Amino acid sequence: MSKPVIVSGIQPTGNLHIGNYLGAVKNWLELQKSGKYQLYIFIADLHSLTGKLTAEQLREQVRITAAELLAADIDPDKTTFFVQSQVIGHADLAWIFNCVTPMGELERMTQYKDKSEQLNKTTAGLFDYPVLQAADILIYKGEQVPVGQDQVQHVELTRDIARWFNNRYGEFFPEAKHLLTHVPKVMSLLEPEKKMSKSLGAGHVIELRENPEEIENKLKKAVTATTGGVQAPGVINLLGLLKEFGDKKIHDAFVSAEKEGSIRYGDLKKALGEAVAQHFAEFRIKREKLLKDPKKLDKILAKGAAKAQKVATKNMAEVRKLVGVK
Ligand code: ADP
Ligand code: TRP
């Protein structure tokens, strides 16, 4: 029996932050380590064309994202690791999926609604974004998709698209399921009611590459204010992060202090800052080293793309036959 196929991607729109890490990347590393799956992880540069980056910025961000994922321990010998646009077929399959996907279903997508509001404009690309995502997954016949909470709706749509395709052309694609971590939604430092996201601005996130002083300064500004004795979302978020990155005893002591009302938020922030900085100390060193060797990065990505291309080409040949195009 062949191993189940797992597919996930990330946009190269900025440096990795602890939300990306706890919501998605950490899961990828665990799945990779288990050795039980065929894992495809890619950098979704075609998706990022729906944003505002210049060509130069996009190239630079792809390079940084590649270095960061490798520094975080994505192992190209165990995982098929590549850049989406380097494999021919994703956009072709998206077109075919466009022809079985009702517009009304895309209009319901919350990320589309939020982003078109944020960008103050709507393009066909932004509208079609989840269809390309479905193609990314299904071109490898992905069965499981490890992502953060915000991407669950897109994975559900992927399942629907597989069904619409299969109904029209015969059983071919599997029905992909999302896989969440136990921390599927890390909240912003400055607006803890919102998801931590690059698009909110630098002060809202802790990037994996940040040094201890930078992390300390960001945490100093993190919102912890309590209203009316109810546990504040900012505090819940910081305690949750300490649980992930810190020592269990220290975490438990802060939780007890919080219950008793004797907690000092300054101390909590200091403990968390130290734990996060320590957790990514090796990452920072590896990242710098990889960024100094763009040739090595290119080689790794080209090898990954060639591996992915074999599978994509094979599956696309069958799809073409099923739908009747050359
Ligand atoms: P961002 O919102 O910062 O632009 P992306 O959309 O590139 O992040 O997300 C990449 C991956 O990280 C996705 O799987 C997404 O679900 C996950 N992710 C992003 N932000 C968070 C968060 N705050 N908490 C948990 N997972 C997240
Ligand atoms: N839309 C995802 C995000 O913003 C990135 C992505 C693109 C993706 N294609 C994918 C995730 C396929 C999982 C599977 O995070």
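**Entry 1: D45**

I began with D45, which lies in helix α2 (residues 45-48) of a predicted model. Helices here are DSSP runs of H or I with at least four residues, strands are DSSP runs of E with at least two, and both are numbered from the N terminus. I looked up its cover: at 10% relative accessibility, D45 counts as buried. For this and later entries, buried means under 20% relative accessible area, exposed over 50%, and partly exposed in between, with a 1.4 Å probe and protein chains only.

I then listed the partners of D45, leaving aside neighbours within four places in sequence: P12, L58, V62, V83, Q84 and S85 are in contact with D45. Contact means heavy atoms within 4.5 Å.

Residues are numbered from 1 along each chain as its sequence is written, and chains are lettered from A and ligands numbered from 1 in the order in which they are written. Because this is a predicted model, local features need pLDDT of at least 70 and side-chain atom pairs count only at pLDDT 80 or more, while totals for chains, interfaces and linings use all residues; side-chain values use heavy atoms, with hydrogens and water left out.

**Entry 2: the chain as a whole**

I counted 14 helices and five strands in the chain. The radius of gyration is 21 Å, close to the 20 Å that the globule rule gives for 326 residues, so the chain is as compact as a globular protein of that length. The radius is taken over C-alpha atoms, and the rule is 2.2 Å times the number of residues to the power 0.38. Along the principal axes, the C-alpha atoms fill a box of roughly 70 × 45 × 45 Å.

I found that buried residues make up 49% of the 326 residues. The accessible surface comes to about 16400 Å², and 53% of it belongs to carbon and sulfur atoms; the areas come from the Shrake-Rupley method with a 1.4 Å probe, and for residues only the protein chains shown count as cover. Of the contacts between residues at least 6 apart in sequence, 75% join residues at least 24 apart.

**Entry 3: helices α7 and α8**

I examined the pair α7 (residues 124-138) and α8 (residues 152-169), whose axes come within 9 Å and cross at roughly 70°. That makes α7 roughly perpendicular to α8. Angles under 35 degrees count as roughly parallel, over 145 as roughly antiparallel, 65 to 115 as roughly perpendicular and the rest as oblique. The axes are lines fitted to C-alpha atoms, for helices over the stretch in contact, and the angles run from 0 to 180 degrees between N-to-C directions.

I recorded which residues meet: Y129, P130, V131, Q133, A134, I137 and L138 on the α7 side, and H154, L157, T158, I161 and A162 on the α8 side. The residues of this contact divide into nine nonpolar, three polar and no charged. In this division Ala, Val, Leu, Ile, Met, Phe, Trp, Tyr, Cys and Pro count as nonpolar, Asp, Glu, Lys and Arg as charged, and the others, Gly among them, as polar.

I also looked up G125, which lies in α7. G125 is partly exposed, with a relative accessible area of 35%.

In α8 I looked up F165, which at 0% relative accessibility counts as buried. Not counting residues up to four places away in sequence, F165 touches I96, F97, V100, G170, F172, F173, V319, L322 and V323. The C-alpha atoms of F165 and V323 are 9.4 Å apart, although the two residues are 158 residues apart along the chain.

I found V5 in strand β1 (residues 5-10), and at 9% relative accessibility V5 counts as buried. Beyond four places in sequence, V5 is in contact with Q38, Y40, Y140, K141, G142, E143 and Q144.

I found N20 in helix α1 (residues 18-34); N20 is buried, with a relative accessible area of 16%.

**Entry 4: positive phi**

I noted that phi of D73 is near 100°, a positive value in a residue other than glycine. D73 lies in the loop between α3 (55-71) and β3 (80-83) and is partly exposed, at 42% relative accessible area.
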